[in-house]
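The structure is shown first, and the description follows.

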Amino acid sequence: MFHVLVHMLATKATSLPLGRGHPERNHPPRAYSSFDWPGLDSYRRAPRDQGIFWGPGDIGTPQSGRYGPLHLPSPPLNTPDTLAECCALVRQTADPLEKVVIVHQTADRFLTGGETTEEGTAASFPPIGSVEEKMLASTPARLHNYPPLVSKATQVPRLDDLEGYHPSAYLLHNLAHVELNAIDLACDTIARFSPLSDVLPRLFFTDFIRVADDEARHFQWCVQRLQELGHDYGEIPQHDLLWQGCHASRSHVSQRLAVVNMAQEARGLDAGHRLVSRLCCLDDRRSAAIVARIASEEKAHVAVGIAWFVRICDAVGIAEDMYGTAFREAMDACGMLGVLRPPFNHPARQEVGLPQDWYDPALWTRRRHSTDHQDKAEHGLLREQLEKRLQVIIGTEAYMSSSNVSTGRGGSSSSLTSSGQAALVTQRTPR
Ligand SMILES: [Fe+2]
Ligand SMILES: [Fe+2]
């Protein structure tokens with residue numbers, strides 16, 4: 001069934017690069033949908049950002065040379081050959097600084113000279129590879145001398161509970177924890193959905209190693225500043241809420257994009273400017289500059305999620321005016337609708353292509369009160385669209401099998417697991 005699905009997707013979604021032989025596979029599709037963030041193409045085509053240290057001065061800017069008290073371990077001599085295995089290794093690495101070095105090294109290998117080459121072929125790039133789910137069964141490794149993670153945000157100590165703790169350092173410590181989680185989440189997305197690497201284009205995976213590379217820089221800036229203020233990451237107990245969202249969305253790629261990128265990452269768009277204001281009020285302009293830079297770079301991470309969510313919706317035949325419903329259903333299926341709560345930074349969300357009626361429950365409530373029957377009809381229509389799509393795919397598969405028609409994709413179907421097919425094909429099935 002897999003090769004027929006790919007054939008159908010490739011012919012339907014004309015700008016979605018799929019499969020090894022597809023001519024658009026190695027460079028980004030442009031202007032694919034009206035939901036694409038205008039900066040997405042530039043983000044994908046930009047050289048890898050080497051500014052892993054925050055430079056000197058009252059405020060400072062990112063720089064590539066080493067500066068400040070942060071000392072990185074030497075890169076491991078032997079990392080795995082494939083992107084998926086490298087990302088699994090990131091999850092298994094407990095030392096945060098060792099983790100960021102592996103991410104940078106991996107991003108360097110898989111992004112340099114890659115996606116912008118017009119005549120490049122898949123064979124000229126290191127392989128995405130695939131890892132088994134059992135390699136991702138545990139939560140990401142964490143140093144034993146760190147305080148255990150708590151399951152609720154209210155269990156994280158408040159600044160008032162930490163006598164004498166530097167107020168800026170407290171805020172930066174919380175942010176560092178978010179960034180460290182974000183590294184593991186992006187790497188988990190690559191590794192966990194690597195069995196879909198014959199359905200999803202290489203660009204999907206390189207987008208996420210670019211995101212992980214960003215998050216690693218963000219974590220380093222936070223830790224560097226923490227150390228400048230006389231503190232370090234791991235001093236304050238933190239929560240595992242972000243990981244809970246990652247775990248809840250582990251079965252379906254569209255749910256992962258909705259929960260992690262379009263909801264959790266979007267919270268960063270809401271919170272960024274507030275955090276900058278608080279640091280400015282504390283007269284810590286250097287920390288404020290770091291957080292402002294991080295907040296501006298988070299836009300791309302939300303945009304990447306939207307871009308792929310829209311492409312997958314389109315590939316399985318969901319009409320554009322139902323994408324918002326599909327997003328809410330994906331959140332609901334993971335029990336994560338509660339993440340969508342105000343205050344929202346509507347302009348920032350709108351800028352990256354996230355329509356307000358997708359995420360703002362205030363709009364859903366009004367609509368439900370006024371047109372409840374219309375909502376029910378739309379949900380029914382979605383299910384109907386999906387079922388028809390599946391029937392066509394299954395029916396075509398039966399025809400192809402009986403008539404032994406070739407799709408010209410050779411034996412590539414063997415590398416997609418049945419769970420991988422389900423993750424893409426049934427991603428619209430109501431729970
Ligand atoms: Fe980040
Ligand atoms: Fe992010």
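Predicted model: local features only at pLDDT ≥ 70, side-chain atom pairs only at ≥ 80, totals over all residues.

Glutamate 298 is located in helix H9. Leaving out residues up to four places away in sequence, glutamate 298 touches Glu265, Gly268, Leu269 and Gly272. One of these pairings, that of glutamate 298 with leucine 269, spans 29 residues in sequence, with a C-alpha to C-alpha separation of 6.9 Å.

## Overall organisation

The secondary structure of the protein consists of 15 helices and two strands. The protein has 431 residues, of which 45% are buried. Among contacts with a sequence separation of 6 or more, 79% are between residues 24 or more positions apart.

## The nonpolar core

The largest nonpolar core contains 103 residues, and those with the most contacts inside it are Ile183, Ile190, Ala212, Met262, Ile306 and Phe309. Helix H9, residues 285-315, supplies the largest share of this core, with 18 residues.

Which residues are in contact with isoleucine 190, apart from its neighbours within four places in sequence? They are Leu83, Ala84, Cys87, Phe205, Phe208 and Ile209. Of these, Leu83, Ala84 and Cys87 are also listed among the buried residues of H3.

## Helix H5

Helix H5 covers residues 167-192, and at 1.5 Å a residue its 26 residues should span 38 Å; its end C-alpha atoms are 38 Å apart, so the two values agree. H5 is mostly covered, with 24 of its 26 residues buried.

Alanine 169 is found in H5. With 25 other C-beta atoms within 10 Å, alanine 169 is therefore buried. Not counting residues up to four places away in sequence, alanine 169 touches Leu226, Leu229 and His231. Alanine 169 and glutamate 228 are 59 residues apart in sequence, while their C-alpha atoms are 9.4 Å apart in space.

H3 is mostly covered, as nine of its ten residues are buried. The buried residues are Leu83, Ala84, Glu85, Cys86, Cys87, Ala88, Leu89, Val90 and Arg91. What covers them includes H4, H5 and H6.

Helix H3 (residues 83-92) and helix H4 (residues 96-111) pack with their axes 9 Å apart, at an angle of about 170°. H3 is therefore roughly antiparallel to H4, since the angle is over 145 degrees. On the H3 side the contact is made by Leu83, Cys86, Leu89 and Val90, and on the H4 side by Lys99, Ile102, Val103, Thr106 and Phe110. By class, this contact of H3 with H4 comprises seven nonpolar residues, one polar and one charged. In general, residues three or four places apart in an α-helix point the same way, because there are 3.6 residues a turn.

Threonine 206 has its place in helix H6, residues 202-228. Is threonine 206 buried or exposed? There are 22 other C-beta atoms within 10 Å, so threonine 206 is buried. Threonine 206 is 78 residues from isoleucine 128 in sequence, and their C-alpha atoms are 8.9 Å apart in space.

Phenylalanine 204 also lies in helix H6. Phenylalanine 204 is buried because 24 other C-beta atoms lie within 10 Å.

## Backbone features in the loops

Most residues other than glycine have a negative phi, and most peptide bonds are trans. Aspartate 283 has a positive phi of about 60° although it is not a glycine. Aspartate 283 is placed in the loop between helix H8 (253-281) and H9. With 9 other C-beta atoms within 10 Å, aspartate 283 is exposed, because 12 or fewer place a residue in that class.

Proline 342 and proline 343 are joined by a cis peptide bond, with omega about 5°. Proline 343 is found in the loop between helix H10 (323-333) and helix H11 (346-351).

Note on methods. Residues numbered from 1 in each chain as written. Chains lettered and ligands numbered in written order. Core = buried A, V, L, I, M, F, W, Y, C linked by C-beta atoms within 7 Å. Buried ≥ 20, exposed ≤ 12 C-beta atoms within 10 Å, placed from the backbone. Helix = DSSP H or I, 4+ residues; strand = E, 2+ residues; numbered from the N terminus. Contact = placed C-beta atoms within 7 Å. Expected span 1.5 Å × (residues − 1). Axes fitted to C-alpha atoms, helices over the stretch in contact; angles between N-to-C directions. Parallel < 35°, antiparallel > 145°, perpendicular 65-115°, else oblique. Nonpolar A, V, L, I, M, F, W, Y, C, P; charged D, E, K, R; others polar.
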